[in-house]
Amino acid sequence: MNERGKSYEGTVPEKRPNKGGGTPSPAEAVEGRASTKGNPPYQNRNRIQSREALRSAEERIRQVAKRDKEVQLTSIWHHVYDIDRLREAYFNLKPKAVAGVDGETWQTYRENLEENLEDLSGRLARGAYKARPVLRVHIPKADGRKRPIGIPTLEDKVVQRAAAEVLSAVYEVDFLGFSYGFRPERNQHNALDAITVGIERRKVNWVLDADISGFFDAISHDWMMKFIEHRIADTRVQRHIKKWLNAGVIEKEVWSRAKRGTPQGGSISPLLANIYLHYAFDLWAELWREKRARGDMIIVRYADDIIVGFQRKSDAEKFRQQLTERLRKFELELHPEKTKLIEFGRFAVERREKRGQGRPKTFDFLGFTHICGKKRNGKFKVLRKTMRKRKSAKLKAIRVELRRRMHHRVPDVGRWLRAVLQGYYNYHAVPDNTRTLKGFRKRVYWMWWWTLRRRSQKHKVTKERMKRLADRWLPSPRVLHPYPDQRLRV
C-alpha cells in the first residue's frame, strides 16, 4: 500500500449487483422532521430554505467525487462549520439523549442556541475547537454480555453529525451495493431482503456467517487515517477526525486514552466504520468474487455483520481462509466461535437427508434466524423467525418493567404495553413470522395478568376482565413488511 492508500488489491470497482454480469440481481437491487413546537412560522421557513441550500452543497460535493473516483477533496471543512448545517445537525439530535461528560443537554444548549452555534462555528473555523472525552457506559446485550457505548458531549455530537453529512456525500459515491449499514435510504430490512432473495434465486449451497471480534473497539487509528486520506486531502477534516479518535474515554470518573477503536454512540462512528470496512473488506471481496470465485457468490454486509453465500464449498473454504488473512492485515480478526460455515440452500435438505445428517443448520442475521423451508407448492424458501435469545431478552425486560409499574393505573400500563408491542411488530412483523409474534403477545398477556393479580389479595382479575383488557390494549400481530422480492422489485 502506498502512502496515500491508493492500492488495496485492485482498483475501486464500479457499483454493481451480485455476480452475474451486467444484469442487476434482485438480491442487491435497492433500493422531515416536524417543526419544533412553539417555533414561529418564519423560523420554519428559514430552516426549510437553509436545508435546501445544504442539500445543494452536498450534491455539488457528490458530483465532484463521482466524476473522478480517485480525486482527493482539498477544501470541504467550511461546509461543516456552516451555521445552517450546525443548526440542522442540532435539531436532528434526540432532545432526551443522555448528556456527556460536560453535562450539557439539548434543552440547556437551546437556551442560547444562536450564540452557542456562532461560537462553535468560530472555533471550528479558526481551529480552536477541542474534542472532549466520551462518557462510557455499558448496556446489556441479548446474550447476557454488555456492550460499551460512548456518549459524546452535545457539541461533539453536533459537529460529528455535520461532518458525517458532508463526508457521506463523498463516500456514498464509493460504497458498494452490498453494503447496507448506516447508509441513507437503506436499513436492516433492505439487507434482510437482499440475503433472502439472493439465497432463493441464486445457486447458493453454502453460507458463511462472518463475525468480526469487537470490531468497533479494534479499529486501527493509523489505518483509519490512511483510508480517510485516500479521498480527503483537507487537513482540517483529517485533524478533527484524529481529535475524535484520540479524545479518550471517561469511565467511572477515570480518563484513559483510546489507542484504537471508535466509540459506538458517536454520530460519526457508523460512517468511519463503513469507510474502514469498505477498504478492508468490500473492495477485496468484490474483487475476489469477480476474479477467483468459480461459482455463484452473493455478499451482504450490514456494518460488521457479514453474510456470504457460495455455490461451491471449495470457494467458501478458500474465501474464509483468505478473509482471515485479509482482516489480520488491518488488525482485525474473525470471532472463532461466532464465525461459521454451514450448508444452506435449496438442495441442502435433500443432500443432508441422503447423508443422514438431519436438517440444515440455521444462521442468525439482524435479529432473525434464517431457516431452510418450503412454500405451499413445495419450492424452496428462506424462513425468517425472530431470534429466540432476542425474544427472551425482550420479554425479560418487559417483565421487569411490569413489576416496576405494578401499582400504576391500568390504562397507563396498557398504553405503554401497546406502544411496546407495536414497536416490536414494526421490526419483526415479516412474512412467515406471525406465529412467533402471536406467541410473544401471549407471553406478554400472561405476564400482565400475573402482575395485576399481584396488586391486591382482595380484588382478583377475572379471566373475562383480562380478556377485555388485552383486546383493548394488546394489539394482535399482522404482517407489516412485504415479501422480500416485492420490496426489492420496487
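This is a predicted model: local features need pLDDT of at least 70, side-chain atom pairs count only at pLDDT 80 or more; totals for chains, interfaces and linings use all residues.
## Charges over rings

A charge counts as sitting over a ring if NZ of Lys or CZ of Arg is within 6 Å of the ring centre and within 35 degrees of the ring normal.

Lys 226 is another case. Lys 226 lies over the face of Trp 223, at 4.6 Å from the ring centre. Trp 223 also belongs to an aromatic cluster, described below.

## Aromatic cluster

One aromatic cluster is formed by Phe 215, Phe 216, Trp 223, Phe 227, Tyr 276, Tyr 279 and Phe 330.

Phe 227 is buried, with a relative accessible area of 0%. Tyr 276 is buried too, at 0% relative accessibility.

## A tilted pair across the chain

The model holds 23 aromatic pairs. One of them joins Phe 182 and Tyr 302. This pair is tilted: the centres are 5.7 Å apart, with 50 degrees between the planes. Phe 182 lies in the loop between helix H6 (154-171) and helix H7 (188-201), while Tyr 302 lies in strand E6 (residues 297-302). The pair therefore ties together parts that are 120 residues apart in sequence.

Are the two partners buried or exposed? Phe 182 is partly exposed, with a relative accessible area of 45%. Tyr 302 has a relative accessible area of 8%, and buried means under 20%, so Tyr 302 is buried.

## A three-stranded sheet

Strands E9, E10 and E11 form an open sheet, in the order E9-E10-E11. The pairing is antiparallel. Strand E9 (363-365) and strand E11 (380-386) are the edge strands, and each pairs on one side only. Neighbouring strands are turned by 40 degrees against each other on average, direction ignored.

Strands of a sheet pair through backbone hydrogen bonds. Here, E9 pairs with strand E10 (residues 368-374) over three bridges, in the antiparallel sense. Which residue in E10 is the bridge partner of Phe 363? The partner is His 370.

Conventions:
Residues are numbered from 1 along each chain as its sequence is written. Side-chain values use heavy atoms; hydrogens and water are left out. Two strands pair if DSSP finds at least two bridges between them. Helices (H or I, at least four residues) and strands (E, at least two) are DSSP runs, numbered from the N terminus. Axes are lines fitted to C-alpha atoms, for helices over the stretch in contact, and angles run from 0 to 180 degrees between N-to-C directions. Rings of Phe, Tyr and Trp (its six-membered ring) pair if their centres lie within 6.5 Å; planes under 30 degrees apart count as stacked, over 60 as edge-to-face and the rest as tilted. Buried means under 20% relative accessible area, exposed over 50%, partly exposed in between (1.4 Å probe, protein chains only).
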